[in-house]
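Take a moment to look over the sequence and the 3D view below.

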Amino acid sequence: MKRSAFLGAGVHTALGAGLAQNIEALFAAPPKAREAALQVGAEEVRVPALLLAERPLDDIEARFWRAAEAVVGQAIAAAGLTQDEVRQAAFLIGTSSLDIAVSEAIYQRELNEGADAHPLTSNSTMGRLAQRLRQAHGIAGPEYTICTACTASANALLYADQLVQSGRVQHAIVVGVEIFNQITALGFHGLELLAKDGMKPFDSARGGLTLGESCAALVIGQTRADGFHLRGGANLCDIHGISAANPDGSTVADVIRLALADAQLTPDQINGVKAHGTASLMNDEAEAAGMALVFETAPPICALKPFIGHTFGACGVTELILFCGMIERGFFPATPGVCAEPSDLGVRLEQKPLPIAPGVFQLNFFGFGGNNTSLVIANG
Amino acid sequence: MADVIIRSFGDYYAPVEGEALPDVRALAKETLGKQVRRVGRFILLGLVGAARCVGAHAPPAHTAIYLSSRRGDLETNVEVMEDLFARGLAPKPLSFINTVSNASCYYVARHFGLHGRSLFVSGVCFSFEAALQAALLDFEAGQVRSALVGGLDTLIEPLAIERRRLGLAAEAPVAEASHWLWLETGQAQPGDLVLEASEAFPDRAALIAWLQARGTEKTTLAQGQYLDDAAFAAIAAQANLPRSFRYRDGRAYYDGQAGAALSAFAASDLDGAALTHINADPDGRYAAFVARKV
C-alpha cells in the first residue's frame, strides 16, 4: 500500500544549505554546538545552539525570510514542478515558534527606540509566515499552519498526504521551520533541559538538548514507481503530561502500533527506526520503553538531533529528509560517540553508518501538548 | 463513507463592554465544575466552548480534537515577551510551555479523557475552514469516528493595543468567541445536520465551477467575514444562488466568525436546505464549507 511519494526536498540546517551538504555531514561525527549569548535583565545567559550554516545570527528580520524562502525554492526545483503545478499545490507549514524571532527583534528595537512599544503589534497572525512564503512562490492551493510543537511538520506531512490521496490536490509542499529565538532558548534554559556537551540521546551520559535551527521543505505527490513514499502514520494525544509522554512507554507504543496498523505492517517488518531522541530523561525513558513494548527484537535505531540540534516544529520534515537521503545513499545513520553500548535504557545507537538495503522505516516524534506522531516510510 | 453528523454545538460569544475583559475564570469553574489553575483565557475559553458543546455527554476516548485560531494564545506570548524584554525576566516554565497554542488542545483532551488525534491549525483567513477540512480528511480516510472541532479567539488588555493588532479603529467593538462542533460518523436521520464538505479554491472561477457542479436546489449561501459584499453578490449571481443566510449581523469583531455559521444555521428555520458558507482571502483564494439538513 503506497501513499504519497516524496518528489523533491530542500533543507538548510547547521550542517549546510542544501541536501548534499547535509547528507555528507552525516557521515562524520556530530558538530560541536556554539554558544549564543542572551541577555536577561542584567544577567548574560549562554545557550548551546546549532545555528543555520552560512547565516550569522545578525539581521534577524532578514535571515529568517531568506533561509525559509530559499528551501521552498530548492524543493520545488528538485521536484521539477511546473509553474501551474506549483500554483495548484497545497502548502502546509509545521512550526513551533513561527516567526517569533522576527517579532522579538521588532519589539526589542521599538523598546530601544523609546517608542510606545507592545509585543506582536507588527504581526499577531499565525498564518502570516505561510502566507508570505506561499505568495513568494506563487502557490494558491490549500494552506495550513500547523502548530503542535515538536510534531508540527510531521503532522503537516500526514495532512498533506491526505490532501493528495483524496484527490483535492496533485501536489503538496510541506515545510518545517524553526529559527533561533530568545523565548524558546530561555524557556528551555529555564526548564534546565539544555545540554552543556552536545546531545546524547539514550546515552547514560545524556544531558539534555541543543537548540537547533532548520528550514526544510518536501514536495509530495501521487505515488511513483521508485523512491521514498509515505506508507502510513498516526497521531495521538497523550494526556499523561503536557511536557512529556508517559514514562511507562504505553502512549508511545500506542502511536507506534497505530502507525504500523495504518501501514498494514507488523513490527518485525520494520528495518530501522529514527527515534525522536531529545536526550531529556523523560523523553528518552518514555521512548525507550515504548519501543521495547512494540519491538520484540529491536531494529537498528538512530537519532539525528546530535547533528542538527532539536529543531522542534521543523524536526519532522527535516529529519525525514536527512534520513531518506542517508538511506538512498545506502546507509543507516550513525552517531559516533553517542550511546555506543546499550545504555541504562537498553538502547544502542550505531557508531558507523550501517550499510542498508531499501526497506521500511519508522520515524517517531513527540511534542509538548501531549502530541505524539509516528510515520512509516518505504523505498524500493 | 458514512455521513459526518454534527451532533451538537457549543458557542461562547462575548462582545466586550467598556475597556475591561470579563472574568472568565469564574465562568470556566461554573461550566467545568472545577477550577483550572495556572492557565490563561485562551485555554479557559477553549474548555468552556468544548464543555458547552458536549454538554452532559461524555465523548468517546478516541475522539479527535481540531482547534483553529487566527492568533492562537496571544495572551501567553505577549506576557512572556513583556517579561523578557521589558522587565528582564526569564520565561516561567509553565508560561513557556503554554506558548504553544496546542496546549489548549491538551487541556480539552485531558478534561474529557480523550486520546485521539490532536491538531492545532491556523491560517490568515481560513483557520476554521482548515480545521473542518482536516477533520473531514480524517473522517474520509477512516482515521476518526468522533471529533471536536473548535474555533477560538481571545483578547488581551489594553484593548486599545489589541485594536491596533487587529487593524481596527479606536472605538471598534470587539468580542471573544469559542465555537465548537461535535462531529460523529453515522447514518443521518431526519432532522440531523450533516457536514458535507470543506474545500479550498485557488481562484473565483474554481469556486464557481464547484458551486455549479454541486447543484443549486435549496442551496443557501452564507457570506464569510473576509468576503466583501460586492464579491459575494457577484459569486451568488454567477453561481445562480440567490438565497442567502445572514449570521454575522450585529456581531462585534473577532477573527473566526465562520465558526458561528453552522450553529446559527441549525437554529434557523431553513428546513430541507443546504448551507454553503464561502470566504475569501486578499490573494483571491476562496474557501467553502457545506452543511445540509436531512
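Predicted model: local features only at pLDDT ≥ 70, side-chain atom pairs only at ≥ 80, totals over all residues.

Residues are numbered from 1 along each chain as its sequence is written, while chains are lettered from A and ligands numbered from 1 in the order in which they are written.

Chain A has 11 helices and 16 strands (DSSP runs numbered from the N terminus: helices are H or I with at least four residues, strands are E with at least two). Its radius of gyration, taken over C-alpha atoms, is 19 Å, close to the 21 Å from the globule rule for 380 residues, so chain A is as compact as a globular protein of that length. That rule is 2.2 Å times the number of residues to the power 0.38. The C-alpha atoms fill a box of roughly 65 × 50 × 40 Å along the principal axes.

How much of chain A is buried? The share is 63% of its 380 residues, where buried means that 20 or more other C-beta atoms, placed from the backbone, lie within 10 Å of a residue's own.

Now for chain B. Strand β4 (residues 146–153) has 7 of its 8 residues buried, so it is largely enclosed by the rest of the structure. Its pairings (strands pair if DSSP finds at least two bridges between them) look like this:

| Partner of β4(B) | Bridges | Direction |
|---|---|---|
| β2(B), residues 64–68 | 5 bridges | parallel |
| β5(B), residues 175–186 | 8 bridges | antiparallel |

Over in β5(B), B:L183 is the bridge partner of B:A147.

Terms used:
Buried ≥ 20, exposed ≤ 12 C-beta atoms within 10 Å, placed from the backbone.
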